[in-house]
Amino acid sequence: MLGRLDFSAIFAGPFAHLLVSGAIKTFELTATSWTLAVGLGVVLAVLRASGFPIATKAVAAFVAYHQNVPMLVQILLWYFGVPTLLPDAAQTWINAHDGELIFASIAVGLCMSAYFSEDLRSGLRSVHHGQQEAARSLGLSFFGTMRYVTLPQAIRNALPTFINHTVLLFKNTSLAMTIGAAEMTYVVREIENETFRTFEAYAVATLFYLAVSLGLMGLGALVEKRIQNQAR
Amino acid sequence: MLDIIRDNWLLLLVGQYPTGPLGGLVLTLILSVMGLLLSFPISIGIALCRTSPIRFLYVSSTVLVYIVRGVPLVMFVFWGYFLVPILVGHSVTAFTTLICTLIVYESAYLSEVVRAGIQALPKGQVEASRALGMGYWKTNLWVVMPQALYNMVPSIISQFVSIIKETSIGYVISVQELTFSANQVNNNLLTRPFPVFLILAITYFIVCFVLTQCAQHLERTITRKRSPKMTQLRSIANDSVLEGQ
């Protein structure tokens, strides 16, 4: 059915180099969008917990939009749509600085920040209300309470879904191929086009994604165990 | 933006349907419904394996679920594009490829939902029905599944929303669903990508948001029905406190 498998064709010469660069791009994308997503996610969750009606509503709308629109569509909107709204100077600057990567990071980061903020929110809800009351009555400010009392507990509670969503973020960076960011999936498609070694090329990419995803899940489980032990 | 909707709403809704292939939002919904219905029975099977006392079934189904969870959907779509024609023996349409891919991908994810539903049931239910002399299959069919499925309805709707969002990946292999249609509109107009893709995003948003709200409403109803009176009161009290702060 598949003929003889020949992985050496994939790893030969320029293709090995391409694969490595694809893997690096994927990690870059994951790192930038993860940082954006976690940072913004925490801010959104805190804003939502702050209780200002406008802030709460705005965050709810932000989360609803990003959870109910496919990430692919968000990436297309950012990459094809948003540049037309920017001034020319900004457009040329972005084009000169890896525009695909920038917009893919923004789109993936914003989308996942909605998920992370929801994780934290349910984490915050599971922290007993008395914790906050006690911290406030001991004289801690709202942010002090968040920083030292509620958030640490909330993060501990939110960790399992948080890890799941980190894996999801990593997997979804593959969508950046649709706008031509040369990450793993894109690179593998190129190699497949040139060598016609479809099975081998896809197998390499699949194993790459699988290894990193399982690695992240394992790492997450480890961290979870650690934190649970500390809490005791 | 309104003029784009006025000129292209038919293309976005049904594709080139009367004269050409069906597409647009209607195809997206057909794909999603088929994806859900076809993967659901498989997912129940996987979930039963995942909760099975037979070690072989448990291990193999767990491996399967973890593999699917660890690989991006795009990769699965490409695998489907490559493998389905080889397995079937003749070339297939992109539509069939996407359906097959969605079935594989979604059965694994849905099976986790089903498994959660099964495991959330109190152990006493299974023990009672076994004590009454019902076998494994009878217990699952008449005691576990009816309750688990009822409790799972909100999660299944959320999963349906995920499927709707995932069908947008069909754009990559030129299935003429909503995202593809919008891209066609964009190619026709050339100069106005922002409004076109915004319309696309809003369309998905409306469909998915309505379904998400339904799921949340149902979840509240089911929790209220299922929980004893006191815990119900307490949870409502807690909620209002947390929401109000």
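Tutor: Start with chain B of this predicted model, where the axes of helix 3 (residues 55–70) of chain B and helix 5 (residues 94–120) of chain B come within 9 Å and cross at roughly 115°. The crossing of these two helices is left-handed. From helix 3 of chain B, the contact takes Leu64(B), Val65(B), Val68(B) and Arg69(B). Helix 5 of chain B supplies Val104(B), Tyr105(B), Ala108(B), Ser111(B) and Glu112(B). By class, the residues of this contact are six nonpolar, one polar and two charged.

The C-alpha trace of chain B spans about 65 × 55 × 30 Å along its principal axes. Of the 245 residues in chain B, 36% are buried. Among contacts in chain B with a separation of 6 or more, 69% join residues 24 or more positions apart.

Confidence in chain B can be read element by element. The average pLDDT of chain B is 88, and 93% of the residues score at least 70. For the model, ipTM is 0.88 and pTM is 0.88.

Next comes the interface between the chains. Here 34 residues of chain A are in contact with 32 residues of chain B. On the chain A side, the elements that give two or more residues are helix 3 (53–68), helix 4 (71–81), helix 8 (142–172) and helix 10 (198–231) of chain A. Helix 10 of chain A gives the most, with eight residues. The side of chain A that touches chain B divides into 19 nonpolar, 13 polar and two charged residues.

Helix 8 of chain A also packs within its own chain. Its axis and that of helix 6 (residues 99–126) of chain A come within 7 Å and cross at roughly 150°. An angle over 145 degrees counts as roughly antiparallel, so helix 6 of chain A and helix 8 of chain A are roughly antiparallel to each other. Their crossing is right-handed. On helix 6 of chain A, the residues that make the contact include Val108(A), Met112(A), Tyr115(A), Phe116(A) and Asp119(A). On helix 8 of chain A, they include Thr150(A), Ala154(A), Ile155(A), Phe162(A) and His165(A). This contact has 11 nonpolar residues, eight polar and one charged.

Helix 6 of chain A also holds Ser113(A). Ser113(A) counts as buried because 26 C-beta neighbours lie inside 10 Å, where 20 or more are needed. Leaving aside neighbours within four places in sequence, Ser113(A) is in contact with Leu36(A), Ala37(A), Leu40(A), Gly41(A) and Leu44(A). Of these, Ala37(A) lies 76 residues from Ser113(A) in sequence, with a C-alpha to C-alpha distance of 3.9 Å in space.

Conventions. Residues are numbered from 1 along each chain as its sequence is written. Chains are lettered from A and ligands numbered from 1 in the order in which they are written. This is a predicted model: local features need pLDDT of at least 70, side-chain atom pairs count only at pLDDT 80 or more; totals for chains, interfaces and linings use all residues. Two residues are in contact if their C-beta atoms, placed from the backbone, lie within 7 Å. Helices (H or I, at least four residues) and strands (E, at least two) are DSSP runs, numbered from the N terminus. Ala, Val, Leu, Ile, Met, Phe, Trp, Tyr, Cys and Pro count as nonpolar, Asp, Glu, Lys and Arg as charged, and the others, Gly among them, as polar. Axes are lines fitted to C-alpha atoms, for helices over the stretch in contact, and angles run from 0 to 180 degrees between N-to-C directions. Angles under 35 degrees count as roughly parallel, over 145 as roughly antiparallel, 65 to 115 as roughly perpendicular and the rest as oblique. A crossing is left-handed if the near helix is turned anticlockwise from the far one by less than a right angle, and right-handed if clockwise. A residue is buried if 20 or more other C-beta atoms lie within 10 Å of its own, exposed if 12 or fewer, and partly exposed in between; C-beta atoms are placed from the backbone. pLDDT is the predictor's confidence in each residue, from 0 to 100.
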